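Colleague: Please take me through this model, beginning with the strands.

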Amino acid sequence: MAKYPLIKSTLKDRLLGGHYQEGLPLPSEPQLAREFEVSRMTARRAIDELEREGYVYRVQGAGTFPTGKRFRQGTFRIRPFKEWARHPDHRTGVLHAMQIQATPEIAIVLQVQLHDPVVFIHRLRTAGDEALVIEKRYINAALVGDLLAQNLAAESIHEVMVAMGVPLTRVEQALEAVNLRQEEADLLRVPVGTAAFLLRRTTYSGTKRVSYVNYWVRGDRYAFQDSFEP
């Protein structure tokens, strides 16, 4: 199994825990490769993903630096898909819907074995002529039968899963700011590096993780809000 997800997770924990001092560079890629007993390319891949997610930044000739501790606070709710689909100007396009083999990172997240079957659904939400939200979802294929035969452009995947006898009992989600890579920027029709929200959501059925999804959301067209009792 590839080691870069473990390296990424370890470095993220260190960054969030203040292990690396702000203003000073992280260990170099060769140093990380030696520490984790991997190739330099594997260490670089972990750093690349941390940079894309906004945890570190690179300075040419000086190294890789922490962007600063991210504080976790509060809760927030996201409008259900059925509410989005109800609006007459809203559309959802299915870019890909297929069964794939679990990659090392997806196997870890969904708690399945490497190369186990996983349903991959890639959708793009638009309002009028504007692309607003990219969705990449991974689902444990062993639990959802003929999910790919459903009308995924119009139906809530969670509601379809419940109808298939998969009760959804808990959702974990995290929202953070990122800079868009080429792929996401092209789909949202904005320049590469544009700031956006990245919402990561893991859904459970009992103790099992059944679905993992990433949403890239246009920061200049979308806002999150909630209300609560202080």
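**Strands, helices and cores**

Modeller: Strands β6 and β7 are joined by 10 bridges and run antiparallel. Two strands are said to pair if DSSP finds at least two bridges between them. Strands (E, at least two residues) and helices (H or I, at least four) are DSSP runs, numbered from the N terminus. This is a predicted model, in which local features need pLDDT of at least 70 and side-chain atom pairs count only at pLDDT 80 or more, while totals for chains, interfaces and linings use all residues. Residues are numbered from 1 along each chain as its sequence is written, and side-chain values use heavy atoms, with hydrogens and water left out.

Colleague: Which residue is the bridge partner of Gln-173 in β7?

Modeller: Gln-173 is bridged to Arg-201.

Colleague: And what is the strand order of the open sheet?

Modeller: The order of its 6 strands is β3-β4-β5-β8-β7-β6, with antiparallel pairing. β3 (90–101) and β6 (170–179) are the edge strands, each pairing on one side only. From one strand to the next, the twist averages 15°; axes are lines fitted to C-alpha atoms, for helices over the stretch in contact, and angles run from 0 to 180 degrees between N-to-C directions.

Colleague: Staying with β7, is Arg-200 buried or exposed?

Modeller: Arg-200, in β7 (195–205), counts as buried because its relative accessibility is 14%. Buried means under 20% relative accessible area, exposed over 50% and partly exposed in between (1.4 Å probe, protein chains only).

Colleague: Moving to the helices, which residues of α2 are buried?

Modeller: In α2 (29–36), the buried residues are Glu-29, Leu-32, Ala-33 and Phe-36. They line one face of the helix, because they fall within an arc of 105° seen down its axis; the arc is that of the directions from the helix axis to the C-beta atoms. These residues pack against α1, α3 and β1 (56–59).

Colleague: Why does Val-56 count as buried?

Modeller: Val-56 counts as buried because its relative accessibility is 3%. Its contacts beyond four places in sequence include Leu-15, Leu-26, Ile-47 and Phe-65. The C-alpha atoms of Val-56 and Leu-26 are separated by 9.0 Å, although the residues are 30 apart along the chain.

Colleague: Finally, which residues touch the most other members of the largest nonpolar core?

Modeller: Leu-11 and Leu-15 do, in a core of 16 residues. α1 (4–16), α2 and α3 (40–52) each supply at least two residues of this core. A nonpolar core is a set of buried Ala, Val, Leu, Ile, Met, Phe, Trp, Tyr and Cys residues joined through side-chain atoms within 4.5 Å. Another core, of 12 residues, lies apart from it and includes Val-119 and Leu-147.

Terms used: Contact = heavy atoms within 4.5 Å.
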